[in-house]
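The entries below follow the order in which I looked things up.

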Amino acid sequence: PASDMDAPFQGVRPSDACCACGGGVISPTPIDLPINDAALYIGQDVSSTPRPLSSSIALEAGCQIGALGLTVAQVETVSGRASQSGSESCDLVAYQDPVRG
């Protein structure tokens, strides 16, 4: 990587700790989205961010949370106002920081 992108973070260079390069921890970090298993009421404002934070999140293709009045921003937040009754279950993918891992 470019030298300015390979500065040590907590004493370790990204090129030494990079999962793709054979270093670092290669298992995924478990995440929790606080609205998992939550019962929302119509008109409820929702703003939920996964823990721990990652660089971005995405939902599986075909996820229909938009029909329920919710959206996902690339900055990790599921938000909106619950607009109708129903349920939706979607896989959430959290992307870690491309440099720090």
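**Accessibility first.** I call a residue buried under 20% relative accessible area, exposed over 50%, and partly exposed in between (1.4 Å probe, protein chains only). I looked up A73 and read 31% relative accessibility, so A73 counts as partly exposed. A73 is found in the loop between β3 and β4. I then took one distance: the C-alpha atoms of A73 and S56 are separated by 8.3 Å, with the two 17 residues apart along the chain.

**Ground rules.** This is a predicted model, where local features need pLDDT of at least 70, side-chain atom pairs count only at pLDDT 80 or more, and totals for chains, interfaces and linings use all residues. Residues are numbered from 1 along each chain as its sequence is written, and side-chain values use heavy atoms, with hydrogens and water left out.

**Overall.** I take helices (H or I, at least four residues) and strands (E, at least two) as DSSP runs, numbered from the N terminus. The protein comes to 1 helix and 5 strands. Along the sequence the pattern reads α-β-β-β-β-β. Of the 101 residues in the protein, 19% are buried. I count a contact when heavy atoms lie within 4.5 Å. Among contacts with a separation of 6 or more, 46% are between residues 24 or more positions apart.

**The sheet.** In which order do the 3 strands of the open sheet stand? I read β1-β4-β3, with antiparallel pairing. β1 and β3 stand at the edges with a single partner strand each, so one side of each has no neighbour in the sheet. The twist averages 15° from one strand to the next. For that angle, axes are lines fitted to C-alpha atoms (for helices, over the stretch in contact), and angles run from 0 to 180 degrees between N-to-C directions.

I then went through the pairings. Two strands pair if DSSP finds at least two bridges between them. β1 (residues 45-48) and β4 (residues 78-81) run antiparallel and are joined by 4 bridges. β3 (residues 70-72) is joined to β4 by 3 bridges, also antiparallel. G80 in β4 is the bridge partner of V46. G80 is the bridge partner of L70 as well. V72 stands opposite V78 in β4.

**Q44.** Is Q44 buried or exposed? Q44 has 18% relative accessibility, so it counts as buried. Q44 sits in the loop between α1 (14-17) and β1. Neighbours within four places in sequence aside, Q44 contacts A39, G80, R81 and A82.

**Q10.** I found Q10 in the segment before α1. At 72% relative accessibility, Q10 counts as exposed. I also checked its backbone: phi of Q10 is near 50°, a positive value in a residue other than glycine. Most residues other than glycine have a negative phi.

**The largest pocket.** I used a 1 Å grid over the protein atoms alone; a pocket is an open set of points with protein on both sides within 12 Å along at least five of seven lines, and lining residues have an atom within 4 Å of a point. Grid points are joined across faces, edges and corners, and the volume is the space filled by probe spheres set on the points. The largest pocket holds about 650 Å³. Its lining has 26 residues, and I35, N36, D37, A38 and E88 lie nearest its centre. By class I get 17 nonpolar, 6 polar and 3 charged lining residues. Here Ala, Val, Leu, Ile, Met, Phe, Trp, Tyr, Cys and Pro count as nonpolar, Asp, Glu, Lys and Arg as charged, and the others, Gly among them, as polar.

Notes: 1 Å grid on protein atoms, 1.4 Å probe; cavity = no way out; pocket = protein on both sides within 12 Å on 5 of 7 lines; lining within 4 Å.
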